[in-house]
Amino acid sequence: MKKKSISTILAVCALSILGCSEDKGISAKVDPTPNNKPEEPTVVETRLAYGADISWLTAQEKQGIKFYNAQGVEKDMFALIPEMGGNAVRFRVWVNPSKDLYSGLCDKAATLALAKRAKAAGLRIMIDFHYSDSWADPGKQNKPAAWKNMSVDEMANAIAEHTTDVLTTLKEAEIDVEWVQIGNETTDGMLWEEGRCSKNPKNYALFIKSGAEAAKAVYDKVKVIVHIDNGWLASTLEWNIGELVKAGVKDKFDVIGVSYYPSYLGENDKAKALGISSWKEGNKYIASNVKRWEEKYGKKVMVVEYGYRNDQLGEAQECLSDLMAKTKDYENFEGILMWEPQSYNGWANYGLGLFTKDGKPGVVFK
């Protein structure tokens with residue numbers, strides 16, 4: 001999550017988690033999860049996927065947090081997504097997470113529970129494998145504790161087994177999965193140090209291959225995503241993807257997924273060097289890269305994480321609407337997912353939630 005220690009997250013005005021970065025535990029005595037049976041939704045029909053990663057929902061519901069539509073009517077999140085113009089959801093999966101509300105809970109059981117609700121609501125589903133016990137992003141790609149002493153080949157097998165186990169559980173529940181991420185913001189690889197791309201690119205490629213093949217063995221039509229941060233920065237992504245191409249695994253993935261957090265552009269030296277100081281320039285670069293990567297790699301492109309400062313929701317909406325307009329006609333563009341937009345009032349010290357302080361959507365896809 002955004003992503004990367006490009007992903008250091010400060011609270012609210014200081015700007016938060018670049019897409020699942022720092023671990024700031026939230027203590028909490030948890031009440032039983034309420035019965036949130038989704039209402040009959042109006043599913044948005046569109047070629048493009050618009051929606052959100054709402055993996056924190058498990059923890060938020062344990063705390064009794066409520067969500068409301070624009071009219072102030074309490075809504076289940078899975079009914080609210082279509083009202084926001086969305087048709088897709090993304091869930092992260094950790095290997096052996098803690099029970100911490102902020103940096104844990106996202107295990108197979110929690111994912112299955114959320115996926116069942118997504119299916120009932122008619123939403124398309126993406127599974128985001130971090131291959132860690134907690135946050136993985138550009139600043140940290142920590143191995144699961146149980147994998148700590150494994151060899152490279154053993155870790156490749158563990159990736160395949162974990163991927164197969166989770167996806168088989170979903171498939172047996174008759175849940176369709178449209179996309180699978182093999183790693184989260186693997187800008188410099190995954191499962192460090194063995195899988196760090198700048199040091200061991202062949203190992204990184206092996207890990208991507210192992211996860212991708214396992215995913216397609218369960219869902220043969222699933223679209224496999226390789227996810228990099230800072231979608232406006234072509235050079236870093238092309239170095240990463242270039243290593244995968246050199247290693248012969250280009251045909252193992254289908255989609256280039258990127259993170260995009262425009263609020264950070266003004267403080268990024270690489271953005272400044274490109275003349276990017278605001279979302280207006282950032283959007284142009286994102287749109288240009290969508291076309292560029294289709295021509296260069298023959299891949300689809302998707303913004304799998306989008307976030308903006310919560311105290312600038314007007315700009316956040318303007319930016320999102322402009323980005324949608326600039327990308328909607330590209331045949332290789334898959335869509336845009338907000339990252340944990342339902343985190344309002346600084347929940348988890350995350351300052352990029354896209355809901356208002358009273359729990360209503362502040363940014364929508366329509």
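A salt bridge is counted here when a side-chain nitrogen of Lys or Arg lies within 4 Å of a carboxyl oxygen of Asp or Glu. The structure on screen is a predicted model, in which local features need pLDDT of at least 70 and side-chain atom pairs count only at pLDDT 80 or more, while totals for chains, interfaces and linings use all residues. Residues are numbered from 1 along each chain as its sequence is written, and side-chain values use heavy atoms, with hydrogens and water left out.

**Charged pairs**

Begin by selecting K252 and E213, whose side chains meet in a salt bridge with an N to O distance of 2.8 Å. This pair links distant parts of the chain, with K252 in the loop between α6 (234-246) and β6 (255-260) and E213 in helix α5, 39 residues apart; helices (H or I, at least four residues) and strands (E, at least two) are DSSP runs, numbered from the N terminus. E213 is partly exposed at a relative accessible area of 34%, where buried means under 20%, exposed over 50% and partly exposed in between (1.4 Å probe, protein chains only).

Next select E334 and K300, which form a salt bridge whose closest N and O atoms are 4.0 Å apart. Here strand β8 (residues 333-339) supplies E334 and strand β7 (residues 300-306) supplies K300, the two being 34 residues apart. E334 counts as buried at 8% relative accessibility, whereas K300 is partly exposed at 31%.

Move on to helix α9 (residues 313-327), where D322 and K326 lie four residues apart, about one turn of the helix, and where their side chains meet in a salt bridge at 2.9 Å, N to O. Both count as partly exposed, D322 at 21% relative accessibility and K326 at 31%. From K326, step across to K284, which is 42 residues away in sequence and 7.8 Å away in space, C-alpha to C-alpha. K284 belongs to helix α8 (residues 279-297) and is exposed, with a relative accessible area of 53%.

The search of the whole structure finds 28 salt bridges.

**The loop between β4 and α5**

Now select the loop between β4 (179-182) and α5 (201-218), where E193 has its place; the peptide bond leading from W192 to E193 is cis, with omega near 0 degrees. Most residues other than glycine have a negative phi, and most peptide bonds are trans. In this loop, E185 has a positive phi of about 45 degrees and is buried at 0% relative accessibility. L191, also found there, has a positive phi of about 50 degrees and is buried, with a relative accessible area of 1%.

Centre the view on I336 and, leaving aside its neighbours within four places in sequence, look for its contacts (heavy atoms within 4.5 Å), which include A49, Y50, V303, L320 and F365.
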